[in-house]
Amino acid sequence: MAVHEHPHRNSGLHLPNFRRNRTASGSDSAVSARTGTQTARAFAFASLRLLTGFVFLWAFLDKTFGLGYATQSGKGWIDGGSPTKGFLGGVAAGPMESTFHSWAGDTWADWLFMLGLLGIGVALIAGVALRFAAVAGTVMMALMWVAEWPPAQHLSDGSPSMSTNPFADYHLIYAVVLIALAAASAGETLGLGRVWAKLPLVRRGRWLR
């Protein structure tokens, strides 16, 4: 008498696939971590943008109204003072010393400098036109770097320049910050960058973003 084994039947009971669940859970965690990192980066750049914008805007306000910080009360721009005369007239080193002396106090130099401070400050705080602000700010910082001329160890009168670094100073740092903010589209967080980018004029000229 032959004995036939019956084939195993599927009982209909399915155990959960823990491996698949672990994979899905790991994927979700990776996405969540990546999103969190991007959010943190966006807010970090936005904070840097706002602080840098305040630096430029405050410089404009102080020089305009003589708020008693870098500009003494009663010597502001509205009081007849010159925002560039003191700085450019005090240049005492570098290849453009005589040129800066000739520019010091000129009306065109005062207006260009003050409009630059105001425009860059407002653009950064609002989060708009960051590329334009980066270009204008970099040119301004480069000129100020040349005016202070960090490579010089001595001034034109032979006295020590008190320069602490022959190349890197805060002007270059500000320039790099401005470029980084524009490259990172830092105006889209805590700013009007997204709204600005949708304007027809900005769409036609992407350099205005």
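Visitor: From the N terminus on, how do the elements of the chain run?
Guide: Quick caveat: this is a predicted model, where local features need pLDDT of at least 70, side-chain atom pairs count only at pLDDT 80 or more, and totals for chains, interfaces and linings use all residues. Residues are numbered from 1 along each chain as its sequence is written, and side-chain values use heavy atoms, with hydrogens and water left out. Helices (H or I, at least four residues) and strands (E, at least two) are DSSP runs, numbered from the N terminus. The chain has eight helices and zero strands, and the order reads α-α-α-α-α-α-α-α.

Visitor: Which element gives the largest share of the lining of the largest pocket?
Guide: A pocket here is an open set of points on a 1 Å grid over the protein atoms alone, where a 1.4 Å probe fits, with protein on both sides within 12 Å along at least five of seven lines; lining residues have an atom within 4 Å of a point. Of its 30 lining residues, the closest to the centre are F113, L117, M140, M141 and M144. The largest share, seven residues, comes from helix 5.

Visitor: And how much space lies in the second largest pocket?
Guide: Its lining has 17 residues, and E148, W149, P150, S161 and S163 are the closest to its centre. The space in this second largest pocket is about 230 Å³.

Note on methods: Grid points are joined across faces, edges and corners, and a volume is the space filled by probe spheres set on the points.
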